[in-house]
Amino acid sequence: MSSELDLAAYQRRIGLADSPEADLAGLRALHLAHACTIPFENLDIQMGLPIRLDLTSLQAKMVQRRRGGYCFEHNTLFLAALRAVGFDVIPCEARVRLGVMDISSRSHMLLLVRMEGAPWLCDVGFGGEGLLFPVPVDGQAHTQFQNTYRVVEEGALRVLQSFHHGAWEDLYAFVPEARYSIDFEVGNHYTSTHPESRFVKTLTAQLPGPEVRRILRNRAYAELRGDDASGRELAAEDVIPVLREAFGIEVPEGTRFRAFAAEVD
């Protein structure tokens, strides 16, 4: 089984014609292209299929079959791409705070790139609320098109926040230390199989972009433009067409998702 990334195929998948350099411009180009091209989605979980994090499986799914994935898949693939280009990068674990009332498990993966002695947060796997560009870990506000982010200190933790409706909102908190592949395998197993996992209970597809961020959760479809949101509830027969048209995800007609298993046809 090959453990090498086909960088040229990956670049074609995200629409980059030129090979990036291992500098800030190259990092920004890679991050933006990946985040805006490969959708965040959990359809394999919803179809009862396993989530595999080895590079061969990720390339087959996300590059060759042009599917998406969730954080462990996105950022494992992106980690391989950054290392192939020549970046100094480590993977880290985070506890999601967005939409969570209690302390959550370390169920999110992110990356830290070090350039000129300073860390930059990279994360192409946080879906519709996620970053389009890397963010310096400097406590300062950084605007990315219609959204603004910052990374602040909280004791030993670093917290990614976004600015909405006049206030800062926590997205997730992490310790800026490298974690191992087995840590993400454990998190991936829980997140993709535990009956109380939001990814087991809820179908989702999400895709951020400079002008609009598209989010589907079960049958609720929304488009976000900064603090402005519009959306609608989909009929059962509209879910698969929206997956195709809004997110570029090809799903066979008649596919059944576990989130809808209790519904009566």
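The model is predicted: local features need pLDDT of at least 70, side-chain atom pairs count only at pLDDT 80 or more, and totals for chains, interfaces and linings use all residues. Residues are numbered from 1 along each chain as its sequence is written, and side-chain values use heavy atoms, with hydrogens and water left out.

Let's start on the inside. In soluble globular proteins, nonpolar side chains tend to be buried together. Here a nonpolar core is a set of buried Ala, Val, Leu, Ile, Met, Phe, Trp, Tyr and Cys residues joined through side-chain atoms within 4.5 Å; buried means under 20% relative accessible area, exposed over 50%, and partly exposed in between, with a 1.4 Å probe and protein chains only. The largest core has 41 residues, and Tyr10, Leu30 and Leu82 are the ones that touch the most other members. Two or more residues come from each of helix H1 (7–14), helix H2 (24–37), H4, H5, strand S3 (108–115), strand S4 (118–122) and helix H7 (198–201). Helices (H or I, at least four residues) and strands (E, at least two) are DSSP runs, numbered from the N terminus. H5 supplies the largest share of this core, with nine residues.

Setting aside neighbours within four places in sequence, leucine 30 is in contact (heavy atoms within 4.5 Å) with Tyr10, Ile14, Leu16, Pro20, Phe78, Leu82, Val85 and Phe87. There is also a second, separate core of 17 residues, whose members include Leu43, Ala205, Leu207 and Val251.

Another buried residue worth a visit is threonine 191, found in helix H6, with a relative accessible area of 4%. Not counting residues up to four places away in sequence, threonine 191 touches Tyr70, Phe72, Ser107, Ser197, Phe199 and Val200.

Now for the charges. Side chains of opposite charge can pair when their charged atoms come close. A salt bridge is counted when a side-chain nitrogen of Lys or Arg is within 4 Å of a carboxyl oxygen of Asp or Glu, and the whole structure holds 14 of them. In one of these, glutamate 73 pairs with lysine 61, with the closest N and O atoms 2.7 Å apart. Glutamate 73 lies in helix H5 (residues 71–85) and lysine 61 in helix H4 (residues 55–64), so the pair ties together parts that are twelve residues apart in sequence. Are these two partners buried or exposed? Glutamate 73 counts as buried at 2% relative accessibility, and lysine 61 counts as buried at 6%. Both belong to a network of salt bridges that links Glu41, Asp44, Lys61, Arg67 and Glu73.

Arginine 214 forms a salt bridge with glutamate 223, the closest N and O atoms being 3.7 Å apart, while the side chain of arginine 225 meets glutamate 223 at 3.2 Å, N to O. Glutamate 223 counts as buried at 18% relative accessibility, whereas arginine 214 is partly exposed at 26% and arginine 225 is partly exposed at 37%.

What about the cysteines? The structure holds zero disulfides, a disulfide being a pair of cysteine sulfur atoms within 2.5 Å.

Most residues other than glycine have a negative phi, and most peptide bonds are trans. Histidine 165 has a positive phi, near 55°, and is found in the loop between strand S8 (157–164) and strand S9 (167–174). Asparagine 218 likewise has a positive phi near 55°, in the loop between strand S11 (213–217) and strand S12 (220–225). Histidine 165 is exposed at 65% relative accessible area, while asparagine 218 counts as partly exposed at 23%.

We finish on the surface, where Tyr180, Ile182 and Val186 form a nonpolar patch with about 370 Å² of accessible area together. Patches are made of residues with over 30% relative accessible area and no salt bridge, with like charges joined within 9 Å and nonpolar side chains (Val, Leu, Ile, Met, Phe, Trp, Tyr) within 5 Å; the areas come from the Shrake-Rupley method with a 1.4 Å probe, and for residues only the protein chains shown count as cover. Isoleucine 182 is found in helix H6 (residues 181–193) and is exposed, with a relative accessible area of 56%.
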